[in-house]
Amino acid sequence: TPRTTILGIESSCDDTGAALVRVCADGRGEILSNVVSSQTELHRDFGGVVPEIAARAHVEKLDLSVEKAMSDAGLAPQDLAAIAVTAGPGLIGGLMAGVSFAKALAVAWDVPILGINHLAGHALTPRLTDAVSFPYLMLLVSGGHCQFLRVEGPTRFTRLGGTIDDAPGEAFDKIAKALALPQPGGPQVEAGARDGQATIPLPRPLLDRAGCDMSFSGLKTAVLRARDAALVDGALPRTVRADLCASFQAAVADILARKSQAALDMAGDVTAFAVAGGVAANGAIRAALSDLAQARNLPFVAPPLALCTDNAAMIAWAGIERFRLGQSDGPDLGARPRWPL
Ligand code: KG4
Ligand code: ZN
C-alpha cells in the first residue's frame, strides 16, 4: 500500500506555504517538499502585517507555491491522499484565499479535503519531527499566541494557561520597533542581545501568582520607559540598546521557564516537553526551557527553526493525523478567523 502523502497549504498570516509530507515507517513524517514565501518585504514599511496586502499576496502566490511543492517532490495529483489547508485562526482574507483555493484543487484532483487549525499544526509538529507520543506538554509561543497545551490526541488539547495580554513575539516586534530595529523583531532583538548584558532591571509580571498564566505587556512598557530614560540628546546609545535587548530577552526567557515549571506541575504525566511557534526559534529561550526539561528528566523537543515558524509542512502533518483517524471535511468547509483549540 502506498504511504499516505498529503499536500498542506498555509495562508493564515503573512507566509504563503505549500508542502508535501508523507508518513515514515518509524511513525514520523517525511517532508518531501516545503515551500514558504514570506511577505516580510511587503509589510516592512508599515510596521506590521497589513491584512489587505497579505490577502492579495496569498492569492497571487498560492498556485505557484503548490506547483513548486509538487514539482520539488516529483509528485502528481494522483499520488495524493488528501489536501489539508489552514482554516483558522488567522486573518480572514488570507484564510479565505487558502480555503477556497484548496477546495477548488480538491474537486479538480478528486481528493478529500481537511480544514486544519493552525494552532493544532504547531502543536503536533513534535510528532512530525520526533514521533513524540501523547500526552505531552506543549508551549506554543509565537507572534499571536502564547499558551501551554496538554496535547492528548490529534484533536484533543487541554489549555492549561497562557498570556493574559500580549504574545511574546508581539512584544519582541514592538520592542524592535521602539529600538529602531527592522521587522520582524524577534531575530533582531536576539542579535542585539548578543552584544549586550542583561543588567537593566525589568519586571516579571504574574510570577508570584499560582498557575501558568503569563503577562508581557507590563514588561514591554517597562522596556519603553527604560529606553526613554536612557536617551542622550534624543538618541539611544548603542550599548544601552544592546543591554535593553539582552535584559528583555532574559526576562521573557525567565517568565517562560518559571511558568513552564508550573505548567509541568499541572500537566501530570507527560512523555515530553515541547515548544513550537516563532519565538521558540530564540536560542536563549530554547536553552532556558531545555535546562528545565533536563532537570526534570523529560525529553525536550524543539523542532528545527524552519518548522517552528509558520509553514505548510505542519499543516500537512496535522492533516495526516486526522486523515489516519478517518476524518475529512465536506464542501461546506469555511474559514474560521477565530478558532480556539
Ligand atoms: O509562529 P510565527 O512564525 O507566526 C505566528 O505568530 O503564528 O511567529 C512569528 C513571531 C514574530 O513575532 C517574530 O518576531 C517571532 O516569532 N520570532 C522570534 C524569533 N524569531 C521569530 N522571537 C524571538 N526570537 C527569535 N529568534
Ligand atoms: Zn503560527
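Tutor: The questions below take up domains, core, annotated sites, surface, backbone and ligand in turn. Please keep in mind that this is a predicted model.

Student: Into which domains is the protein chain divided?

Tutor: There are two parts to the division: domain 1 (5-130 + 307-324) and domain 2 (136-298). Their centres, taken over C-alpha atoms, are separated by 27 Å.

Student: What makes us say that domain 1 and domain 2 are in contact?

Tutor: Two residues are in contact if their C-beta atoms lie within 7 Å. By that test, 13 residues of domain 1 are in contact with 20 residues of domain 2. On the side of domain 1 that touches domain 2, H4 and helix H11 (313-324) each give two or more residues. The largest share of that side, six residues, comes from H4. By class, that side of domain 1 divides into five nonpolar, five polar and three charged residues.

Student: What is known about the largest nonpolar core?

Tutor: The largest nonpolar core has 110 residues, and Ile83 and Ala316 are those with the most contacts inside it. Helix H8 (residues 238-267) provides the largest share of this core, 13 residues. At least three residues of the core come from each of domain 1 and domain 2.

Student: Why might such residues gather together at all?

Tutor: Nonpolar side chains tend to be buried together in soluble globular proteins.

Student: Which residues is Ile83 in contact with, leaving aside its neighbours within four places in sequence?

Tutor: With those neighbours left aside, Ile83 is in contact with Leu7, Ile9, Ala102, Leu105, Ala106, Val111 and Ile113.

Student: Where does UniProt place the feature "binding site"?

Tutor: The UniProt record, an unreviewed entry, places this feature at His118, His122 and Asp310. These residues are spread over 193 residues of sequence, yet they cluster in space, with a largest C-alpha distance of 8.8 Å.

Student: Why is His118 called buried?

Tutor: A residue is buried if 20 or more other C-beta atoms lie within 10 Å of its own. His118 has 27 other C-beta atoms within 10 Å, and therefore His118 is buried. His118 is placed in helix H4 (residues 118-130). Leaving aside its neighbours within four places in sequence, His118 is in contact with Ser12, Thr86, Gly88, Pro89 and Gly90.

Student: How do you know whether His122 is buried or exposed?

Tutor: The count for His122 is 30 other C-beta atoms within 10 Å, so His122 is buried. His122 also lies in helix H4. Not counting residues up to four places away in sequence, His122 touches Leu140, Ala276, Gly277 and Met314.

Student: Why does Arg3 count as exposed?

Tutor: Arg3 has 11 C-beta neighbours inside 10 Å, so Arg3 counts as exposed. Arg3 lies in the segment before strand S1 (5-10). Not counting residues up to four places away in sequence, Arg3 touches Arg22 and Val23. Arg3 and Arg22 are 19 residues apart along the chain, and their C-alpha atoms are separated by 6.5 Å.

Student: What is stated about phi at Leu206 and at Asp233?

Tutor: Leu206 is not a glycine, although it has a positive phi of about 70°. Asp233, likewise not a glycine, has a positive phi of about 50°. Leu206 lies in the loop between H6 and helix H7 (217-230), and Asp233 is found in the loop between H7 and H8.

Student: Is Leu206 buried or exposed, and is Asp233 buried or exposed?

Tutor: Leu206 has 20 other C-beta atoms within 10 Å, so Leu206 is buried. Asp233 has 4 other C-beta atoms within 10 Å, and therefore Asp233 is exposed.

Student: Which peptide bonds are described as cis?

Tutor: The bond from Phe134 to Pro135 is cis, with omega near -10°. A cis peptide bond also joins Gln183 and Pro184, where omega is about -10°.

Student: Which residues come nearest to ligand 1?

Tutor: Of the 20 residues around ligand 1, Gly143, Gly169, Gly186, Gly278 and Asn282 come nearest. The shell has six nonpolar, 10 polar and four charged residues.

Terms used
Residues are numbered from 1 along each chain as its sequence is written. Chains are lettered from A and ligands numbered from 1 in the order in which they are written. This is a predicted model: local features need pLDDT of at least 70, side-chain atom pairs count only at pLDDT 80 or more; totals for chains, interfaces and linings use all residues. A nonpolar core is a set of buried Ala, Val, Leu, Ile, Met, Phe, Trp, Tyr and Cys residues joined through C-beta atoms within 7 Å. A residue is buried if 20 or more other C-beta atoms lie within 10 Å of its own, exposed if 12 or fewer, and partly exposed in between; C-beta atoms are placed from the backbone. Helices (H or I, at least four residues) and strands (E, at least two) are DSSP runs, numbered from the N terminus. Domain bounds come from an automatic or database domain assignment. UniProt positions are given in the numbering used here, feature names are shortened, and annotations may be inferred rather than shown by experiment. A residue is near a molecule or strand if its C-beta atom, placed from the backbone, lies within 6 Å of it. Ala, Val, Leu, Ile, Met, Phe, Trp, Tyr, Cys and Pro count as nonpolar, Asp, Glu, Lys and Arg as charged, and the others, Gly among them, as polar.
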